[in-house]
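Here are a few friendly notes to read alongside the structure.

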Amino acid sequence: MRSPSTAPTPTGRRASGPRSPGGRPRPTPHALAHPSGAGPLLELCPEPGPRRGKSRLHLDVRPGPADATPLDLVRDLGGTVLPQPAPGLPWTVCADASGNEVCLLGVAPPA
């Protein structure tokens with residue numbers, strides 16, 4: 001989960017950039033790519049407002065070894081870790097700030 005233009009901080013955010021009215025850095029886009037560089041690039045961008053209507057896309061994403069804290073990144077970008085559908089699954093169900101669900105494969109849900 002690397003940012004295309006500057007190296008992210010340990011929380012996944014760029015150190016500089018626009019700030020919210022409260023002075024906190026606003027989330028910036030993050031690019032996802034296969035570690036080999038092959039395949040499509042997916043960019044996660046902050047949304048200006050809440051989603052209207054049902055999402056028509058569900059992603060299953062496997063974070064790379066360099067992505068040590070993907071659940072922290074989800075939260076930093078305004079997302080949430082959702083209640084898990086069953087115990088012991090090899091993925092964690094999350095949602096972005098607009099409620100679009102995504103499964104993080106190989107990531108254990110928080111205890």
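1. How many disulfides are there? Taking a disulfide as a pair of cysteine sulfur atoms within 2.5 Å, the count is 0. The sulfur of cysteine 94 has its closest cysteine sulfur in cysteine 103, and at 8.0 Å that is too far for a bond. Cysteine 103 is likewise in no disulfide, with the sulfur of cysteine 94 as its nearest at 8.0 Å.

2. A word on the basis of these notes: this is a predicted model, where local features need pLDDT of at least 70 and side-chain atom pairs count only at pLDDT 80 or more, while totals for chains, interfaces and linings use all residues. Residues are numbered from 1 along each chain as its sequence is written, and side-chain values use heavy atoms, leaving out hydrogens and water.

3. Are the two cysteines buried or exposed? Buried means under 20% relative accessible area, exposed over 50%, and partly exposed in between (1.4 Å probe, protein chains only). Cysteine 94 is buried at 0%, and cysteine 103 is buried at 8%.

4. Which strands does β5 pair with? Pairing requires at least two DSSP bridges between two strands. Strand β4 (residues 80-81) runs antiparallel to β5 and is joined to it by 2 bridges, with threonine 80 opposite alanine 95. Strand β6 (residues 101-105) also pairs with β5 in the antiparallel sense, over 5 bridges. β5 and β6 form a hairpin with 5 residues between them, and glycine 99 in the turn has a positive phi of about 90°.

5. Threonine 92 is worth a look: it lies in β5, stands opposite leucine 104 in β6 and is buried at 0% relative accessibility. A polar atom of the threonine 92 side chain lies 2.5 Å from the backbone oxygen of valine 107. Beyond its neighbours within four places in sequence, threonine 92 has contacts (heavy atoms within 4.5 Å) that include Leu71, Val81, Gln84 and Pro109.

Notes. Helix = DSSP H or I, 4+ residues; strand = E, 2+ residues; numbered from the N terminus. Polar contact = N/O pair within 3.5 Å; in protein donor to acceptor, adjacent residues only side chain to side chain.
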